[in-house]
Amino acid sequence: MKRVMLLMSAALGLVVSFSGCGKDPLKDMTDEESRIYVTNRADSVDFTSYKTFSIVDSVAVATNTNNDERALTDYDKKLIADVTQSLQARGYTLVSRAAKPDLAVNLTRIDNTYSAVYYDPGYWSGIGGYFDPFYWGYPGYGYYWPTYYQVYQKERAVSIDIVDLKNPKNNKLVAIWNAMLRGSGVWNISNVDSMVSAVFAQSTYLKANS
Amino acid sequence: MKSIKLWILTMIAFLGVQSAFAQVRSPLSINVDYSIGQPLGSLKDYTDKTSFRGWRAGIQYQINDQLAVGLRSGYQQFYQRLPREVYPTKSGDISAVQSRSLEVTPILATVQYQLRKPDAAIIPYVGLGVGTVNMLYNKYWGEFTDRDNSWQFAASPEVGINIPFGKGSPLLFNASVQYTYSPYKLQEITSYNVLQANVGLRLHIN
């Protein structure tokens, strides 16, 4: 009996040594597991009331020091192509930006600390991308998210924003849909397909025909 | 962790030296246990996995042959990772792999009543711990966490047995079952209810 209890005690010592400290969930996390795909929509918007869209010809790269740089890397080309195809698959027609599209699609890669938009609890939501009013022919217009707060954060992310060009309100355009890709590997070209299909799959309401 | 290993080594060393002549146990004792925790109630909605990551340690003073008071702390982590899923939010959806963790660190004042005299071969006991507990909640959405750290009230009744390593030995084997309640409310969790099993050692030191 004594011997058994002594052995148990020794075993106990070992177990306590191994189990005493907490598990850090980030330690065994893959890049795929680290990513989150956040979509937000404007309330009371009928997505079928829009028929045409135009998309930026390059991707904005926003950093804390510079937010009007644009790029067209292979990654950016693939992102533009994937988002375009996804919207066409939902019944929207691609037109040139001169043809007065109903919707403008903005793509932004966000790097570093950037003034971001989110609402409680913060990490889940939309950070607005960079919007060039001159590109879209709306000088002096910004676009806004009625329910969001400004914050700062540090990371790499990608923002896909859809802006309503049909119904400006008080010299402002309203963003009606946003997707944020956050986590490790969001700037990796091999992840574009799965990320873009995920945000469209979770936004079934985003379609031109009811 | 070093200190726990040291304790156990000390206990084993003490066994040989003291058990030969100690007839009556000294009143002050320390104890360390390995703990397994089973979440119950709404805690299961957050993480329903049994926790094998836990321990507790305490110090206790024997007032008479049967009644003792003490102070106890410890650690238990409940953890579960859920596969990727789409969760609705106020204005949209979020697709994420959730890693849910709750790290629990109690600090309890304890009272223990032993149902047999100290010279018994097996000493069953009942106990109650009352105090505060630190709850560190981390719900990771991918690599981004929803974190909350708070202190709560906790109460923890317990039944167990002590088996001395020989008559009058200052070293005792301990096994117990303990239930802990805390009125802890956060998101899925409406109260904290855990059934916990402990095995370990108690050493009378002075």
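Me: How many cavities of 30 Å³ or more does the count come to?

Reply: The count comes to 2 cavities of that size. A cavity is a set of points on a 1 Å grid over the protein atoms alone, where a 1.4 Å probe fits but cannot get out. The points are joined across faces, edges and corners, and a volume is the space filled by probe spheres set on them.

Me: Before we go on, what kind of model is this?

Reply: This is a predicted model: local features need pLDDT of at least 70, side-chain atom pairs count only at pLDDT 80 or more, and totals for chains, interfaces and linings use all residues. Side-chain values use heavy atoms, leaving out hydrogens and water; residues are numbered from 1 along each chain as its sequence is written, while chains are lettered from A and ligands numbered from 1 in the order in which they are written.

Me: OK. How much space lies in the largest cavity?

Reply: About 170 Å³. It has 16 lining residues, and the closest to its centre are B:Tyr75, B:Pro106, B:Gln178, B:Thr180 and B:Gln196. A lining residue has an atom within 4 Å of a cavity point.

Me: Which strands supply that lining?

Reply: Five strands of chain B each give at least two residues: S2 (53-62), S3 (67-88), S4 (92-114), S7 and S8 (192-204). S3(B) gives the largest share, 5 residues. Strands here are DSSP runs (E, at least two residues) and helices are too (H or I, at least four), numbered from the N terminus.

Me: Which strands line the second largest cavity?

Reply: S2, S3, S4, S5 (123-141) and S6 (144-164) of chain B each supply at least two residues.

Me: Step back. How many helices and strands does chain B have?

Reply: Chain B has 2 helices and 8 strands. Along the sequence, the pattern reads α-β-α-β-β-β-β-β-β-β.

Me: How much of chain B is buried?

Reply: Of its 206 residues, 55% are buried. Buried means under 20% relative accessible area, exposed over 50%, and partly exposed in between, with a 1.4 Å probe and protein chains only.

Me: New topic: salt bridges. How many over all chains?

Reply: The count is 13. A salt bridge needs a side-chain nitrogen of Lys or Arg within 4 Å of a carboxyl oxygen of Asp or Glu.

Me: What meets B:Asp33?

Reply: B:Arg56 does, in a salt bridge at 2.9 Å, N to O. B:Asp33 sits in strand S1 (residues 28-40) and B:Arg56 in strand S2 of chain B, so the pair ties together parts 23 residues apart in sequence.

Me: Is B:Asp33 buried or exposed?

Reply: Buried, at 0% relative accessibility. B:Arg56 is buried as well, at 5%.

Me: What does B:Glu188 pair with?

Reply: B:Glu188 meets B:Lys139 in a salt bridge, at 2.6 Å from N to O. B:Glu188 is in the loop between S7 and S8 of chain B and B:Lys139 is in strand S5, so this pair links parts 49 residues apart in sequence. B:Lys139 is buried, at 4% relative accessibility.

Me: How about chain A: where do A:Lys77 and A:Asp74 sit?

Reply: Both are in helix H3 (residues 74-89) of chain A, 3 residues apart, or about one helical turn. A:Lys77 is partly exposed at 45%, while A:Asp74 is exposed at 56%.

Me: Which residues are linked in a network?

Reply: A:Lys23, A:Asp28, A:Glu33 and B:Arg81 are linked by salt bridges.

Me: Last one: where is A:Ala157?

Reply: In strand S10 (residues 157-169) of chain A. A:Ala157 is buried, at 0% relative accessibility. Its C-alpha atom is 4.8 Å from that of A:Arg182, 25 residues apart along the chain.

Notes:
1 Å grid on protein atoms, 1.4 Å probe; cavity = no way out; pocket = protein on both sides within 12 Å on 5 of 7 lines; lining within 4 Å.
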